[in-house]
Amino acid sequence: MKGQGAIIGVGSLDYPAEWQGAAPERIAANGVSKILTLTSTYDHRIIQGAQSGEFLKIMHELLLGKDDFYDEIFTSLRIPYEPIRWAPDIAATHDDDISKASRIQELIHAYRVRGHLMADTDPLEYVQRRHPDLAIENHGLTLWDLDRDVPTGGFGGKPRLTLRKILGILRDSYCRTVGVEYMHIQDPEERAWFQEKLEVPFEKPAPAEQLRILRRLNAAEAFETFLQTKFVGQKRFSLEGGEAVIALLDKVLSRAAQDGLDEVTMGMPHRGRLNVLANLAGKSYGQIFREFEGKSTPGSVQGSGDVKYHLGTEGEFHDEQGNSTKVYLAANPSHLEAVNPVLEGITRAKQDRLELETGTDDYGVLPVLLHGDAAFAGQGVVLETLQMSQLPGYRTGGTIHVVINNQVGFTTAPHHSRSAVYCTDVARTVQAPIFHVNGDDPEAVVRVAELAYEYRQKFHKDVAIDMVCYRRRGHNEGDDPSMTQPLMYDLIEAKRSVRKLYTESLMGRGDISVEDAEEALRDYQKQLEHVFTETRAALKGEGDGTHGLERPQAQDEGDMATRQRPTAISEEMLHRIGDAFAQTPEGFTVHPKLGKLLETRRDMAHEGGIDWAMGELIAFGSLVMEGTPVRLSGQDSRRGTFVQRHAVLTDNETAASWTPLHHLAEDQASFEVYDSLLSEYAVMGFEYGYSVERTNSLVLWEAQFGDFANGAQTVIDEFISSSEQKWDQRSSVVLLLPHGYEGQGPDHSSARIERYLQLCAEDNMMVAYPSTPASYFHLLRAHAVARPRRPLIVFTPKAMLRLKAAASSPEDFTHGTFEPVRPDTADLDREAVTRVLLASSKLVWDLEDERRKREDSQTAILRVEQLYPLPAAQLAEATQQYPNAELVWVQNEPKNQGAWPFMALNLPEALAHHGEERPLRVVSRPASASPSTGSAKVHAVEQAALHEEAFSRR
């Protein structure tokens with residue numbers, strides 16, 4: 001019709017005349033719609049009559065939805081779901097009405113399950129989302145049903161509603177800027193709770209709440225603007241694009257303060273950490289920015305080894321009504337998500353201590369974990385930590401997980417970084433509810449935060465918030481993200497900040513006046529000037545906060561000297577612990593194979609022959625009797641991997657449990673031993689975190705086999721070995737790593753001694769390889785009270801667990817202390833000795849047995865019980881007793897493994913400082929890429945060769 005014209009006449013929109021007096025219900029039942037009359041008056045000079053008719057035909061088709069007419073309208077209005085399309089009405093009988101009611105219920109269920117797929121959660125780009133389950137035509141419903149009353153089954157709080165109203169409630173509840181996943185939860189009470197909270201008419205926040213949200217956004221943006229202006233080019237991992245998370249956390253902290261929670265603990269990656277410190281943790285700008293200028297003092301939390309966006313501290317949060325709660329921000333490395341289990345361990349320790357103080361177990365410490373989207377989907381420790389959340393040994397009453405979803409990893413788009421629909425799908429494995437919320441709608445973000453908090457408080461379970469936003473700059477401020485995400489960053493470049501958008505939205509809705517908006521702008525400028533002024537003063541050494549971030553209080557308490565007590569115990573205490581294993585509770589049925597063991601343990605304490613497991617239990621029992629709590633966890637640790645510990649016994653008929661060390665004294669400290677989930681990374685991280693906070697406890701993690709600790713190497717490298725230097729954060733966690741060469745193959749022999757020794761420097765941890773139960777006993781007791789605190793790595797035995805030659809006497813427990821080097825037990829002519837063998841653990845007993853067989857009186861055997869810190873003084877004193885002997889380090893491990901690489905590099909020089917300058921050589925298996933052979937026969941041949949080389953004088 002190009003070049004033609006028409007005059008269009010438009011009539012009124014109303015029902016046909018014959019229906020205008022009918023009842024609305026009758027009109028709806030008969031599928032009568034309003035009509036609009038269009039007429040085309042044409043002039044032959046500019047339009048042909050046939051073309052005028054064609055024009056009316058096209059209008060008719062468009063009004064019925066042809067050529068995506070309504071889809072274009074919905075798109076222009078940014079309505080996230082697709083329009084309901086015209087279709088012929090479906091004739092219905094009374095039976096069909098009953099069927100229709102069930103179809104309505106199907107539709108309601110579909111929205112509850114799939115409504116989040118149509119929610120408008122992306123602040124960058126409008127997408128009209130659709131799903132077949134949410135289309136009414138796929139439920140046997142049509143446009144004509146919209147105004148028909150249908151039974152609701154209680155939905156919407158009324159027995160009957162029109163389909164139009166039902167759809168309105170469903171879309172308002174599930175398809176606006178918040179999408180909710182909760183129907184995967186199996187508990188009907190929890191699902192009903194969500195429906196009660198969500199399926200209600202929309203209510204705007206109160207004006208005071210809106211202004212508080214705006215102030216939080218002002219503070220967040222002012223902070224980032226200052227950083228970008230003042231510290232151009234410095235890495236700071238800004239929050240720009242995700243500032244609404246400050247309003248989210250503010251709501252969680254405010255509710256925690258109002259409800260009287262003792263503390264909120266937080267773990268987070270580096271993005272946004274500085275903003276959180278300034279705006280939520282109560283830290284001054286001066287404290288934070290001295291680090292940028294290199295002005296931090298030695299007494300601050302920074303220590304000497306990490307960067308500003310990894311630092312942790314604690315502070316206090318105050319809401320605007322004067323309520324307050326403590327805030328703990330955990331230090332963390334760049335290894336994303338590694339802090340998750342550590343924070344959970346810290347939180348559990350705080351909760352346990354609070355329970356002791358108050359006598360209540362109400363989860364008064366709330367953990368909040370912040371995540372990146374790519375990391376939450378990609379890092380396995382996330383799932384491990386989630387799986388701990390409801391286990392008795394690890395639960396913390398529910399964690400609020402907040403994913404700052406930038407929709408990109410470092411440079412990787414979501415379709416390359418995960419197979420799941422959402423980055424949060426992993427949270428569904430523990431039936432955690434998940435909120436997806438548009439980060440450009442701060443009111444929705446705050447509402448979701450409140451719902452997540454309320455859910456955690458009511459059900460004490462984990463909950464996830466997926467705040468979809470964007471990252472205005474690159475992975476760091478020196479990165480150019482447009483190289484890999486050009487289209488995304490074209491959109492970001494054109495976007496106004498969430499603060500500006502929210503201010504404009506409030507004005508456009510009439511929620512605030514022009515004066516309010518101007519006041520908000522003045523507040524923003526005032527906050528910006530405040531940051532500049534305070535920072536400038538602090539960097540000049542003026543004002544408060546010139547000493548950097550404070551250390552958490554528990555760390556200071558843990559550094560305090562404790563009363564040193566002897567590691568030996570009284571005979572009475574020894575007997576009490578032994579007797580506890582024979583005092584079976586009335587009605588408790590001991591497994592037939594364990595009855596004799598319990599009697600033997602009692603006899604051991606009185607008569608001797610104390611084996612490794614009993615020596616360990618005596619250490620635990622004596623500590624709890626003296627007031628030191630003991631916590632041990634690991635895979636199968638209650639019984640013991642090698643059927644040795646039996647710290648907790650199970651009734652053979654009722655499966656009830658009995659822990660003998662719970663019944664030693666009325667005022668004893670707690671003794672807890674837990675079988676962990678099949679995880680190393682998360683569980684070791686948890687125990688490390690628990691030890692950081694619970695400074696007066698002996699906290700132990702046990703590997704099923706020593707090399708299983710490989711799965712937690714990140715925790716060892718980033719926390720256990722280096723946290724003191726990086727963050728001045730001390731831990732006394734104990735790692736028990738079974739190690740021993742007994743022909744069991746490569747994966748069940750080596751705990752990788754060489755790796756731990758490689759990480760040793762500056763007395764950062766202690767590494768021990770004791771050879772007797774008594775030595776192990778004294779080691780644990782000394783470690784429990786040692787200050788300053790440091791981690792302890794113990795290589796524990798397997799075959800030696802029941803070696804009679806290695807058993808200890810009661811006197812070994814009532815006298816003595818831990819000795820890093822133990823002398824030879826044989827009565828040798830020291831002048832006649834020509835070789836001194838330095839060895840550890842079971843190998844000592846093998847060598848002594850071989851020496852007896854050979855009737856060798858020229859070889860001395862010294863037991864090296866401590867590998868680091870190097871016991872050079874003790875070794876020098878011991879070796880100098882044999883002036884005519886050569887010095888030989890003997891180990892079961894290959895030459896390139898075990899302790900030898902470290903000893904070869906460090907021990908000769910250390911001995912020389914103490915006057916011992918004889919060379920040191922090694923006897924070991926040949927260097928190998930594998931820890932050991934997989935053949936028992938080959939192992940036996942290797943062992944015989946090792947013994948021959950150790951003793952032969954060829």
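Does Asp763 count as buried, partly exposed or exposed, and at what relative accessibility? In this predicted model, where residues are numbered from 1 along each chain as its sequence is written, local features need pLDDT of at least 70 and side-chain atom pairs count only at pLDDT 80 or more, while totals for chains, interfaces and linings use all residues. Side-chain values use heavy atoms, with hydrogens and water left out.

Asp763 counts as partly exposed, at 36% relative accessibility, where buried means under 20% relative accessible area, exposed over 50% and partly exposed in between (1.4 Å probe, protein chains only). Although Asp763 is not a glycine, its phi is positive, at about 55°, and the residue is placed in the loop between helix H26 (753–758) and strand E19 (766–768); helices (H or I, at least four residues) and strands (E, at least two) are DSSP runs numbered from the N terminus. A positive phi, near 55°, is also found at Asp728, a residue other than glycine, which lies in the loop between helix H25 (723–727) and strand E18 (734–738). Asp728 is buried, its relative accessible area being 17%.

Two cis peptide bonds involve proline: one joins Arg787 and Pro788, with omega about 0°, and the other runs from Tyr868 to Pro869, with omega near -5°. Pro788 belongs to the loop between helix H27 (773–785) and strand E20 (792–796), whereas Pro869 is in the loop between strand E24 (866–868) and H30.

In helix H30 (residues 872–879), the buried residues are Ala872, Leu875, Ala876, Ala878 and Thr879. Viewed down the axis of H30, these residues fall within an arc of 165°, so they line one face of the helix, the arc being that of the directions from the helix axis to the C-beta atoms. Their cover includes strands E21 (821–822), E22 (835–839), E23 (859–864) and E25 (886–894), together with helix H31 (900–912), contact meaning heavy atoms within 4.5 Å.

Helix H6 (residues 188–198) packs with helix H15 (residues 442–459) at an angle of about 150°, their axes being 12 Å apart. That angle makes H6 roughly antiparallel to H15, a term for angles over 145 degrees, and H6 passes H15 in a right-handed crossing. On the H6 side, Glu189, Glu190, Trp193, Phe194, Lys197 and Leu198 meet Arg447, Leu451, Glu454, Tyr455, Lys458 and Phe459 of H15. By class, this contact of H6 with H15 comprises six nonpolar, no polar and six charged residues.

Definitions and conventions:
Axes are lines fitted to C-alpha atoms, for helices over the stretch in contact, and angles run from 0 to 180 degrees between N-to-C directions. Angles under 35 degrees count as roughly parallel, over 145 as roughly antiparallel, 65 to 115 as roughly perpendicular and the rest as oblique. A crossing is left-handed if the near helix is turned anticlockwise from the far one by less than a right angle, and right-handed if clockwise. Ala, Val, Leu, Ile, Met, Phe, Trp, Tyr, Cys and Pro count as nonpolar, Asp, Glu, Lys and Arg as charged, and the others, Gly among them, as polar.
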